[in-house]
Amino acid sequence: MPAHKPLVWLPACHRNLDLSDPGGYTVLADRYAACVCELGLQPVLFPMAGAGDIRELLPLVDGVLLTGSPSNVEASHYGTKALDTDLLDPRRDALTMALVKAAVAGGTPLFGVCRGLQEMNVALGGSLYQRVHTEQGLLDHREPESGSLEEQFAERHEVLLEPGSAFAQWAGGTRALVNSLHGQGIKRLGEGLVAEGRAPDGLVEAVRVDHASAFAFGVQWHPEWRHNANAFYARTLEAFAQACREHCRRKML
C-alpha cells in the first residue's frame, strides 16, 4: 500500500478579488478539489510555482489536472492579440505552458478540462478560436448567463467520439451528451494531439496525446460537475485516477 494518497497537482488561478489589496489572490474552484478527493486522490497546490519550479515539483506528484477557469489563454502564445474582453492570467499561463510539456515528457498522468484542454493545445503548438460563437458554421457553446448552476452545467449537446477510442469505451458508444460552458475552442490542433471527440458542428472537444507514455487526455466539457450522476464523466475521471494510482505505485518500487 502507498504511504499516502496519490497527489494531484491542480495549477492555481490568480485573481484581483480585493481592489484594496493589489497583491491579488490564489484561487481554485472547490468542485475540482472535491472531485479529486471523491476519486480517492489528494489535491495539492503550489501557489507561487512557476515554470522554473517544475523540475523540482513534478516528481512529488502523481498526476496533473488542468482545471477550467473564467480566464483565457493569452493569445500571444498562439501568435495573435488578446481581445479587449479577455480575462487573462499570465502567471497561470507561464506555469501551464511548460507544465504540459513536462508532464507528457516525464510520463506524469495529465488531464485537461475546458481551459485545461486549451492549455494543452496551445502548449503543444496549436491555436484557438477566440470567439467560437462568431465563427461561421460553429455553434454558440457558451452557457446561459442568467441561468442557475444546474442550468449552466446541464447537458447541452452531443459529442461524436472516435470508434475504438478511450472516450468511446468510457461512454459505452460513439455518442455522449455533455455540458458546454466555453467561449473559446480549438482551431488548429497542437503537435501530437489526436482529436477523439467533436461537437455536432465539428469543433474538437476531446483529445489524446499520441504516443504519450501515461494518461494524457483533454476535454472541453466539465466532467467534474456531479460526475457521480453521469457514467461517462465518472468513467473518464476514474481512468485518470487509476493512472495516478499506478504512477504512485511505480514511484514506490
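Contact is taken here as heavy atoms within 4.5 Å. The structure is a predicted model, in which local features need pLDDT of at least 70 and side-chain atom pairs count only at pLDDT 80 or more, whereas totals for chains, interfaces and linings use all residues. Residues are numbered from 1 along each chain as its sequence is written, and side-chain values use heavy atoms, with hydrogens and water left out.

The mean pLDDT (the predictor's confidence in each residue, from 0 to 100) of the protein chain is 96, and 99% of the residues score at least 70. Helices (H or I, at least four residues) and strands (E, at least two) are DSSP runs numbered from the N terminus. Among these elements, the lowest mean pLDDT, 93, belongs to strand 2 (residues 13–15), and the highest, 99, to strand 13.

Burial was assigned from relative accessible area (buried, under 20%; exposed, over 50%; partly exposed, in between; 1.4 Å probe, protein chains only). A nonpolar core is a set of buried Ala, Val, Leu, Ile, Met, Phe, Trp, Tyr and Cys residues joined through side-chain atoms within 4.5 Å. The largest such core has 33 residues, and those with the most contacts inside it are Phe 111, Phe 167, Trp 221 and Phe 232. Two or more residues each come from helix 1 (30–38), strand 6 (110–113), strand 8 (157–161), helix 6 (166–171), strand 9 (175–178), strand 13 (216–219) and helix 7 (231–252). Helix 7 gives the most, with 8 residues. Beyond its neighbours within four places in sequence, Phe 232 is in contact with Leu 161, Phe 167, Trp 170, Ala 171, Ala 176, Val 178 and Trp 221. Another core lies apart from this one and has 31 residues, including Val 64, Leu 99, Ala 103 and Val 209.

Helix 4 (115–123) is mostly covered, with 9 of its 9 residues buried. These are Arg 115, Gly 116, Leu 117, Gln 118, Glu 119, Met 120, Asn 121, Val 122 and Ala 123. Val 122 is buried, at a relative accessible area of 4%. Not counting residues up to four places away in sequence, Val 122 touches Val 73, His 77, Tyr 78, Met 97 and Leu 128. The C-alpha atoms of Val 122 and His 222, which are 100 residues apart along the chain, are separated by 19 Å.

Ala 75 is placed in the loop between strand 5 (63–66) and helix 3 and counts as buried, at 0% relative accessibility. With neighbours within four places in sequence left aside, Ala 75 is in contact with Thr 80, Lys 81, Ala 82 and Gln 130. Ala 75 and Gln 130 are 55 residues apart along the chain, and their C-alpha atoms are separated by 8.2 Å.

Most residues other than glycine have a negative phi. Cys 114, although not a glycine, has a positive phi of about 55 degrees. Cys 114 is found in the loop between strand 6 and helix 4 and is buried, with a relative accessible area of 6%. A positive phi, near 65 degrees, is also found for His 211, a residue other than glycine. His 211 lies in the loop between strand 12 (204–209) and strand 13 and is exposed, with a relative accessible area of 76%. Gly 125, which follows helix 4, has a positive phi near 95 degrees.

Grid points are joined across faces, edges and corners, and a volume is the space filled by probe spheres set on the points. The largest pocket has a volume of about 760 Å³. Its lining comprises 34 residues, of which Ser 69, Pro 70, Ser 71, Glu 143 and Leu 181 lie nearest the centre. Strand 2, helix 1, helix 4 and helix 5 (149–152) each give two or more residues to this lining. By class (nonpolar: Ala, Val, Leu, Ile, Met, Phe, Trp, Tyr, Cys and Pro; charged: Asp, Glu, Lys and Arg; polar: the others, Gly among them), the lining of the largest pocket has 12 nonpolar, 14 polar and 8 charged residues.

The structure also holds 3 cavities of 30 Å³ or more, and the largest cavity contains about 40 Å³ of space. The lining of the largest cavity divides into 6 nonpolar, 2 polar and 2 charged residues. Helix 3 (residues 90–106) gives the most to this lining, with 4 residues.

Key:
On a 1 Å grid over the protein atoms alone, a cavity is a set of points where a 1.4 Å probe fits but cannot get out, and a pocket is an open set with protein on both sides within 12 Å along at least five of seven lines; lining residues have an atom within 4 Å of a point.
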